[in-house]
Amino acid sequence: MPIFQIIRQIVRTGIKTEAPPLPDEALRAGPQRLQEEILRAFGGALSIRQVDAGSCNGCELEIRALNNAYYNIEGLGIKFVASPRHADLLLVTGPVSRHMAIALRRAYDAMPEPKLVVAVGDCGCDGGIFAPNGAEGAGESYASCGKVSNVIPVDVVVSGCPPTPTAILQGILTAVSAQQGVSASP
Amino acid sequence: MPITYPNLHLTRLGGAIPAWLGEIEPGDLPPICQNVADGGGRLLALWGSDARELGDGFALHVALVNEAGLICLSMALDAVQPVYPDISRIFPAAGRMQRAAYDLLGIYAHEGHDHRKWVRHGAWRGFPLRKDFDAAQNRADEPDAYPFVQVEGQGVHEIPVGPIHAGTIEPGHFRFSVVGEKVLRLEERLGYTHKGIEKRFEGLTLQQGAKLAGRVSGDSTVAYAWAYAMAAESIAAVTPPDQALWLRALFLERERIANHLGDLGDLGNDVALSFGFAQFWILKEQVLRNNAALFGHRYLMDKIIPGGVAADLTEPGRQTLHEECAMLEREVRLLRGIYEEHAGMQDRFIAAGRVEPKLAAQLGLCGLAGRASAQAWDARVQFACAPYDRLDVRMATYRNGDVAARVIVRFDELFESLRLQSEILDHLTHDGELATTLEKLPGNGFGVGMVEGWRGEVLVAIHTDAQGNLTRVHPHDPSWQNWPAVEHAIMGNIVPDFPLINKSFNLSYSGQDL
């Protein structure tokens with residue numbers, strides 16, 4: 001019976017989940033504190049809508065890895081949702097292709113306030129390798145709008161090609177804690 | 001000679017894989033294609049280039065493959081009326097490639113039956129791959145009015161899905177025509193992730209180009225980087241050191257292992273066995289972490305460079321990988337037993353999304369999906385370039401062509417890759433050179449590289465100008481061939497099975513959108 005094999009394998013595997021990264025020094029009180037931040041800002045759970053706005057799929061691999069047992073993002077009260085209408089945070093990879101600009105803008109507009117945006121990856125941060133940067137251009141081309149903030153407002157950027165799951169998680173948590181700071185001020 | 005045709009002169013290209021180049025008249029293209037198709041050959045890729053600066057008009061390039069090797073055909077097209085005969089009647093996979101060649105370069109297939117745009121939506125006018133294209137002048141903001149094929153009849157309705165999908169995957173649009181829950185027809189609309197990769201290659205240095213090639217499709221970075229390096233080495237007549245070739249094969253097999261592990265977990269998830277996802281993604285994460293610890297990148301990006309590799313394996317590292325191999329072998333065998341005995345899972349897998357071998361042959365289905373439908377092609381076997389010529393790869397094939405078959409092929413290939421990895425580790429020495437110097441390519445060169453990536457054969461073609469700069473680079477993903485097969489695979493299935501069927505192919509959007 002597979003069910004006995006499954007149970008035995010689950011027991012044998014044990015718990016792989018590691019401690020989550022901390023957004024910054026102020027939050028180094030421990031995972032408990034982190035949970036509180038999310039609890040206060042978003043009522044105990046953070047819902048993320050991920051949008052691939054034109055990436056090479058490298059960043060998506062690392063975002064998906066957040067769901068594995070090591071990072072166990074759902075264990076932190078964070079889950080990926082199917083609709084931007086259910087989301088608190090938009091996790092965007094880029095560069096934003098011109099063909100995806102409208103869809104990205106619509107996804108952003110569909111989100112309820114307060115909303116956060118985290119741009120993931122070098123391409124999401126500055127257009128990356130797909131268009132000339134610096135003196136030659138602004139990370140844009142005939143087919144690419146470049147960085148995510150060229151299309152929608154961005155709160156936090158996570159660089160890397162692709163950034164590690166830990167770095168992405170840190171970016172998400174930083175966005176949440178920044179949000180907490182904003183809402184706390186009068 | 002791979003084929004014989006009156007007045008066709010083929011020149012053998014140097015390099016790791018058997019490839020020939022021939023200049024032909026456009027009118028000879030259909031009969032030559034027919035000749036190759038009749039002999040069991042396939043279309044690999046089709047692309048165009050702008051040679052007007054040399055006073056030559058445009059050019060069309062077609063790469064065919066048969067049991068002897070790669071046949072690259074080039075033909076000059078008129079600068080004012082760049083027309084060539086349609087070959088999509090012979091190779092259906094050519095249809096979208098011909099449409100993309102029009103969208104990007106303005107060369108078109110005469111008497112082609114589908115002239116709708118493909119990779120262009122509404123963001124630009126004109127033809128970006130023409131050398132005189134002015135991006136600023138040609139910006140447009142038109143809606144993508146795309147004429148989908150309408151299915152009519154009582155009770156038929158449409159379900160549009162995408163470009164943003166429910167999960168964390170790449171964007172694309174699917175238009176289902178359904179009756180009740182049964183799918184009558186699926187039409188794909190891709191091109192959403194088109195970010196101008198081919199244009200971007202123009203003017204990059206050889207080394208920058210290698211980085212870009214490694215980002216055509218992130219999950220196949222090793223395959224693309226190797227194919228690009230192979231094409232460059234073919235032009236420069238450079239052979240990488242032995243140690244570098246062994247390491248490249250090690251990287252390629254590790255990419256296959258990581259992707260197959262991930263897919264097997266996802267396929268468990270898609271039939272609600274989250275246990276499968278949890279288990280396989282633990283294993284995948286361990287492979288990625290070993291990659292990061294030993295080679296400096298979880299997906300091995302930029303570790304293959306023109307001329308060789310940019311990472312070595314230490315003796316303790318070799319030990320780590322031997323242990324990893326033994327662990328994976330043990331765990332995957334156990335999980336395979338569970339998958340095969342799980343009645344609920346097999347009930348979803350068997351007979352879902354079937355592509356019969358005959359249809360697969362007509363469509364030119366390739367890679368792992370092709371092998372699951374009895375298409376016995378694997379570049380590591382047929383065109384075993386070093387070091388695969390010393391490895392004797394066992395090809396995994398299956399006939400059923402359903403989700404279950406694509407799962408079985410993944411399991412078989414996973415075990416084979418683990419076996420290969422062990423063999424490669426035994427062959428690696430620790431004092432060999434890692435790269436032969438390859439700074440710049442010779443002028444007016446053409447080279448091609450083909451690598452059997454985890455998804456299928458990845459091809460990269462490089463053209464250089466008189467000074468040896470990259471003037472045209474065409475990366476070709478096996479997803480071009482396999483996307484149309486997904487439209488067939490879903491017919492007659494129910495809409496809720498689409499995610500499972502789609503995942504069992506796991507095709508690249510970025511790799512075909514470019």
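Modeller: Before we start, one term: two residues are in contact if their C-beta atoms, placed from the backbone, lie within 7 Å. Please also keep in mind that this is a predicted model.

Colleague: Is B:Phe148 buried, partly exposed or exposed?

Modeller: A residue needs 20 or more neighbours within 10 Å to be buried, and 12 or fewer to be exposed. B:Phe148 has 15 C-beta neighbours inside 10 Å, so it counts as partly exposed.

Colleague: How far apart in space are B:Phe148 and B:Ile494, C-alpha to C-alpha?

Modeller: In sequence, B:Phe148 and B:Ile494 are 346 residues apart. In space, the distance from C-alpha to C-alpha is 21 Å.

Colleague: Let's step back to the whole of chain B. Why does its radius of gyration agree with that of a compact globule?

Modeller: Chain B has 16 helices and 15 strands, and its C-alpha trace spans about 70 × 65 × 45 Å along the principal axes. Of its 514 residues, 55% count as buried. A compact globule with 514 residues would have a radius of gyration near 24 Å, and the agreement holds because chain B has 22 Å.

Colleague: Now the open sheet in chain B: in what order do its five strands stand?

Modeller: The pairing in this sheet is mixed. Strand 1 (10-13) and strand 3 (42-50) of chain B are the edge strands, each pairing on one side only, and the twist averages 25 degrees from one strand to the next. The order of the five strands is 1-2-5-4-3.

Colleague: What is the bridge partner of B:Trp47?

Modeller: Strand 3 of chain B and strand 4 (residues 58-66) of chain B pair over eight bridges in the antiparallel sense. Helix 2 (residues 94-105) of chain B lies across these two strands, at about 10 degrees to strand 3 of chain B. In strand 4 of chain B, the bridge partner of B:Trp47 is B:His61.

Colleague: Which helix supplies the largest share of the side of chain B that touches chain A?

Modeller: In all, 45 residues of chain B are in contact with 42 residues of chain A. Helix 3 (197-201), helix 4 (206-213), helix 7 (274-295) and helix 8 (315-341) of chain B each supply at least two residues of that side. By class, the side has 21 nonpolar, 14 polar and 10 charged residues. Its largest share, six residues, comes from helix 7 of chain B.

Colleague: Which residue does a cis peptide bond join to B:Ala386?

Modeller: Look in the loop between helix 12 (379-382) and helix 13 (403-427) of chain B. The omega of the cis bond is about 5 degrees, and the residue joined to B:Ala386 is B:Pro387.

Colleague: Is B:Ala237 buried or exposed?

Modeller: B:Ala237 is found in the loop between helix 5 (221-236) and helix 6 (242-270) of chain B, and it has a positive phi of about 50 degrees although it is not a glycine. With 11 C-beta neighbours inside 10 Å, B:Ala237 counts as exposed.

Colleague: Finally, what is the mean pLDDT of chain A?

Modeller: Some care is needed over residues 24-33 of chain A, where pLDDT stays under 50. Where pLDDT is low, the predicted coordinates should not be read in detail. Across chain A, 81% of the residues reach 70 or more, and the mean pLDDT is 84.

Key:
Residues numbered from 1 in each chain as written. Chains lettered and ligands numbered in written order. Predicted model: local features only at pLDDT ≥ 70, side-chain atom pairs only at ≥ 80, totals over all residues. Pairing = 2+ DSSP bridges. Helix = DSSP H or I, 4+ residues; strand = E, 2+ residues; numbered from the N terminus. Axes fitted to C-alpha atoms, helices over the stretch in contact; angles between N-to-C directions. Nonpolar A, V, L, I, M, F, W, Y, C, P; charged D, E, K, R; others polar. pLDDT = per-residue confidence, 0-100. Rg over C-alpha atoms; globule rule 2.2 N^0.38 Å.
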